[in-house]
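These are my notebook entries on a structure that is new to me. I put down what I looked up, in the order in which I looked.

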Amino acid sequence: MNNRNAALVTPAEGSVLSPEVETFISEQVRLQVAAELKRLGLDLARPKRAALIASKGTLDMAYPPLILATAAAAMDMEAAIFFTFYGLDIVKKKKLSNLKVPPLANPAMPVPMPNIIGMLPGMTRMATWMMKDWMKKGGVPSIPDLLDFAKENGVRLIVCQMSMDVLGIKKEELIDGLEFSGAAAYLDYAADADITLFV
Amino acid sequence: MNNRNAALVTPAEGSVLSPEVETFISEQVRLQVAAELKRLGLDLARPKRAALIASKGTLDMAYPPLILATAAAAMDMEAAIFFTFYGLDIVKKKKLSNLKVPPLANPAMPVPMPNIIGMLPGMTRMATWMMKDWMKKGGVPSIPDLLDFAKENGVRLIVCQMSMDVLGIKKEELIDGLEFSGAAAYLDYAADADITLFV
Amino acid sequence: MNNRNAALVTPAEGSVLSPEVETFISEQVRLQVAAELKRLGLDLARPKRAALIASKGTLDMAYPPLILATAAAAMDMEAAIFFTFYGLDIVKKKKLSNLKVPPLANPAMPVPMPNIIGMLPGMTRMATWMMKDWMKKGGVPSIPDLLDFAKENGVRLIVCQMSMDVLGIKKEELIDGLEFSGAAAYLDYAADADITLFV
């Protein structure tokens with residue numbers, strides 16, 4: 001008893017506490033810091049998360065969310081794409097293989113074309129064919145392949161229910177494996193995400 | 001005094017500290033961990049925050065920032081929209097009810113239209129009328145209503161001062177209830193946000 | 001020794017711990033919270049970070065990532081711009097001074113123009129000239145100046161290697177001072193960023 005008391009007081013030069021008390025306090029601090037951080041949502045064992053919005057239905061703007069989300073999944077991040085408005089075309093059965101890129105109002109087109117030519121019938125088809133050809137030669141998977149890869153690798157594909165209502169789109173028109181939700185669900189998911197992008 | 005000392009030393013098998021001391025230390029640790037996290041800015045009592053940029057002045061791209069910001073506010077998040085360049089049209093008195101959607105260079109338009117037709121006079125008006133009609137039927141509030149709702153629910157509407165200078169826009173041309181600031185203010189607000197999106 | 005023991009037990013009315021124990025706990029909490037946060041990647045001494053994507057090659061959409069990144073750097077934030085697809089035009093030697101803005105499919109153009117006029121030859125050149133003139137009068141630096149400022153102030157300019165492959169662009173065609181990398185590098189950087197934007 002006396003020994004212990006002594007230990008409590010001056011275990012070593014420069015310290016006023018016993019090793020037992022120091023150890024106990026240190027352990028308490030460690031546990032409570034971990035508990036408090038977890039309670040605060042700062043659970044850093046959790047994976048990084050990317051919450052992407054796909055709002056465009058052109059071929060060129062369908063790639064970025066799919067490439068980023070599948071790359072994120074390959075890096076063991078959580079990833080979700082929220083398809084809204086024009087972006088719904090990307091998950092429409094009849095559209096996803098036929099997304100187009102208009103050679104219009106875009107002076108940065110790889111093969112630039114005056115707008116007065118770009119607006120002619122057939123030019124959208126030609127620009128689309130060219131882009132698909134470049135993508136293929138560059139080793140970029142097609143949109144259907146990226147969608148399959150996304151689903152197989154746990155990327156959540158969420159469709160904006162409001163957009164479906166507004167555009168009169170039915171579930172049967174869309175591919176399998178989708179979730180249906182609203183802006184609130186996106187915000188809820190994104191609020192804990194590390195990367196949020198509107199494409 | 002002796003009692004206390006005894007308690008300090010061997011309260012139970014395997015423990016060198018009394019339950020009282022352990023409890024007290026635990027509580028002290030809990031309080032101090034909370035204080036330290038707060039001091040470090042990890043105050044998790046603070047609400048989630050969405051920092052959105054509205055850079056487009058078309059009807060279709062006016063909806064996303066307003067819908068997301070008002071949904072965020074309804075979920076008790078902090079939200080701000082930073083209106084820049086073309087996006088200033090959304091808060092211009094004479095424009096906000098007359099935003100338009102061009103049926104051009106967008107193969108994902110719900111009623112697709114060849115560009116050679118879409119560029120004809122009257123087609124933008126028709127596409128705009130159609131989109132407003134769909135939105136109404138789908139139960140989506142109008143842009144003026146979304147702006148009112150945003151203001152009433154604490155969404156901060158911040159106008160890019162540099163864009164005003166560049167475009168020669170005067171405050172009188174804009175709706176009431178706006179703040180005026182620059183990119184630095186956006187970055188400062190966004191640096192502590194959980195969701196950042198460029199629309 | 002007795003003095004110390006006494007201090008350990010009842011240093012003051014209302015406290016059962018000695019000042020020494022309280023001091024030790026405070027110090028332990030401070031050190032361990034800092035250590036734990038660092039281990040969790042929550043290094044609060046680190047600067048804020050902005051991770052921007054530049055995916056458009058028009059003059060109007062070249063400004064936002066450059067203005068935001070340089071403003072961030074001026075605020076001592078870390079900043080990087082990831083140039084992808086059309087966005088590569090912004091760092092192409094032959095293009096960066098000649099980015100254009102098409103007066104088409106954009107009813108929010110400061111000087112609105114029917115699409116049937118906007119698509120005429122010469123109209124893109126005129127709209128581009130007008131925008132450059134406004135920017136100059138508004139005191140906004142040119143794109144080349146913004147790029148120089150970005151490089152001088154530590155903004156990382158990262159080019160999407162996959163886009164180069166797809167578009168057949170060679171390093172010699174691009175300005176100096178760039179890094180070359182892929183979507184994974186962007187995601188890795190962005191996962192620890194505070195602001196992430198897709199322009």
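I began with C:Arg49, which lies in strand E1 (residues 49-54) of chain C, where strands (E, at least two residues) and helices (H or I, at least four) are DSSP runs numbered from the N terminus. I noted that this is a predicted model, in which local features need pLDDT of at least 70 and side-chain atom pairs count only at pLDDT 80 or more, while totals for chains, interfaces and linings use all residues. Residues are numbered from 1 along each chain as its sequence is written, chains are lettered from A and ligands numbered from 1 in the order in which they are written, and side-chain values use heavy atoms, with hydrogens and water left out.

Is C:Arg49 buried or exposed? I found C:Arg49 buried, because its relative accessible area is 15% and buried means under 20%, exposed over 50% and partly exposed in between (1.4 Å probe, protein chains only). Leaving out residues up to four places away in sequence, I listed C:Glu78, C:Tyr189, C:Asp192, C:Ala193, C:Asp194 and C:Ile195 as the residues that C:Arg49 touches, contact being heavy atoms within 4.5 Å.

Entry two, chain A against chain C. C:Asp192 also turned up when I looked across to chain A, since C:Asp192 forms a salt bridge with A:Lys48, with the closest N and O atoms 2.8 Å apart; the rule asks for a side-chain nitrogen of Lys or Arg within 4 Å of a carboxyl oxygen of Asp or Glu. The residues on the side of chain A that touches chain C are 37 nonpolar, seven polar and five charged, where Ala, Val, Leu, Ile, Met, Phe, Trp, Tyr, Cys and Pro count as nonpolar, Asp, Glu, Lys and Arg as charged, and the others, Gly among them, as polar.

How many residues of each chain are in contact? I recorded 49 residues of chain A and 48 residues of chain C. The area buried between them is about 4,100 Å², with 78% given by carbon and sulfur atoms; this is the accessible area (1.4 Å probe) that two parts lose on being put together, summed over both.

Superposing chain A on chain C takes a rotation of 120 degrees with 0.2 Å of shift along its axis (RMSD 0.5 Å), fitted by least squares on the C-alpha atoms of residues with pLDDT of at least 70 in both. The two copies are therefore related as by a three-fold rotation axis. For chain B on chain A I noted a rotation of 121 degrees with 0.3 Å of shift along its axis (RMSD 0.6 Å). In chain B, the C-alpha nearest that axis belongs to B:Leu197, 3.0 Å from it.
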